[in-house]
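Welcome to a short tour of the structure shown here.

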Amino acid sequence: MAKVLSKSKLYIGQGVAPGVAPGADTFDQVGNVTALSGPSYSKDEVEHTDMESTAKEFFGDLTDYGEITFTCNRNFGNAGQTAARTDAGGQTKRNIKIERLDPADDSVLETADVIGEVMEWNEDATQGSPFTVTGRIKLSGTVTIT
Amino acid sequence: MHSDLFKFLREHSVITSLFADRVYHMSLPTNVQTFPALTFQQIAQSEEAPDFEAPNDDKMDSALYQFDVIAEKSHDAILAADSVNTLLRNFRGTMGATNVQSVEMTNISHNEERSGDKLRRRVILDYSFTFDV
């Protein structure tokens, strides 16, 4: 497939995860995103070298899917941004969805579903510049790709 | 934006009191004999804050406009330019159907030019307009 310019959509479920499954949830899109980073995949190394070993031996621990960080233009009418800011002030896990889109026609190339909690919401109002927000969602459990 | 700005200039009392209908896009017509006169032109335009909602996002652009106040005497040019600057600098509001979020003055310079056997004074004012598209 040809290379594509980045275009993604970030959604936050209205239900409380994991009690509400992604398929049964209603999602609010976090609108006007300009940058989206994550999930990231990493595993700790667990050494299990023993006296029988002829070289160091390791296996990978459980995968940590890290976090999603996002930057968006502040949209006071966007339900997803409102939900994210509210969650940053509480302790609620949500179903999180990311769609990767083909910029040419907005067709969905891939969807990632995961449980996460909004940990940060940072507002930046600088004179002469668009009002922007950066946020961080810590992911918990597995990322399901479809 | 451009047509709204032109109409705004043609109709605003500060501009009409100084220039009457001597407000021109781009260059000064050669048959203008009464001064001061005002010309304006767009230098550049770019989109502000594009995001992943495009092409369905609410758009905001910035445009750089140059205004030239032209007079036969320095005093007339400078006074007229000061009035234009007071009107445009930090303007916020509507110009026709265009919602202007900010106007920032980016440059003022003084120039002299010869027209036939006459010297004219030209005060150039540059502004960055940020507006809803």
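Helices here are DSSP runs of H or I with at least four residues, strands are DSSP runs of E with at least two, and both are numbered from the N terminus. By that count, chain B has three helices and six strands. Along the sequence they follow the pattern α-α-β-β-β-α-β-β-β. Please keep in mind that this is a predicted model. The model has an ipTM of 0.83 and a pTM of 0.85, and chain B has a mean pLDDT of 95, with 100% of its residues at 70 or more.

**Chain B as a whole**

Taken along the principal axes, the C-alpha atoms of chain B fill a box of roughly 55 × 25 × 25 Å. Of the 133 residues in chain B, 42% are buried. Among the contacts in chain B with a separation of 6 or more, 57% are between residues 24 or more positions apart.

**Salt bridges**

Over all chains, the structure holds 15 salt bridges.

| Salt bridge | Closest N and O atoms |
|---|---|
| B:Lys59 with B:Asp57 | 2.6 Å |
| B:Glu72 with B:Lys118 | 3.7 Å |
| B:Arg122 with B:Glu113 | 2.7 Å |

What does the pair B:Glu72 and B:Lys118 tie together? B:Glu72 lies in the loop between E3 and helix H3 (74-88) of chain B, while B:Lys118 belongs to strand E6 (residues 118-132) of chain B, so the pair links parts that are 46 residues apart in sequence. Both ends are partly exposed: B:Glu72 has a relative accessibility of 38%, and B:Lys118 has a relative accessible area of 43%.

B:Arg122 is buried at 16% relative accessibility, and B:Glu113 is partly exposed at 24%. In chain A, salt bridges that share partners join A:Glu67, A:Glu120 and A:Arg136 into one network.

**Where the chains meet**

In the interface, 12 residues of chain B are in contact with 13 residues of chain A. The two chains bury about 930 Å² between them, 47% of it on carbon and sulfur atoms.

B:Met60, in strand E3 (residues 60-71) of chain B, is buried at 16% relative accessibility. Leaving aside neighbours within four places in sequence, its contacts include A:Pro130 from chain A, along with B:Glu47, B:Gln101 and B:Phe131. From B:Met60 to B:Arg122 is 62 residues in sequence and 31 Å in space, C-alpha to C-alpha.

**A helix in chain A**

Finally, look at helix H1 (residues 79-88) of chain A, where A:Gly80, A:Gln81, A:Ala84 and A:Asp87 are buried. Seen down the axis of H1(A), these buried residues fall within an arc of 130 degrees, so they line one face of the helix. They pack against several strands of chain A, including E1 (8-13), E6 (67-73) and E8 (108-124). At the start of H1(A), a side-chain oxygen of A:Asn78 comes to within 3.2 Å of the backbone nitrogen of A:Gly80.

Note on methods:
Residues numbered from 1 in each chain as written. Chains lettered and ligands numbered in written order. Predicted model: local features only at pLDDT ≥ 70, side-chain atom pairs only at ≥ 80, totals over all residues. Heavy atoms only, no water. Buried < 20%, exposed > 50% of the residue type's maximum accessible area, 1.4 Å probe, protein only. Arc of directions from axis to C-beta. Contact = heavy atoms within 4.5 Å. Polar contact = N/O pair within 3.5 Å; in protein donor to acceptor, adjacent residues only side chain to side chain. pLDDT = per-residue confidence, 0-100. Buried area = accessible area lost by both parts, 1.4 Å probe. Salt bridge = Lys/Arg side-chain N within 4 Å of Asp/Glu carboxyl O.
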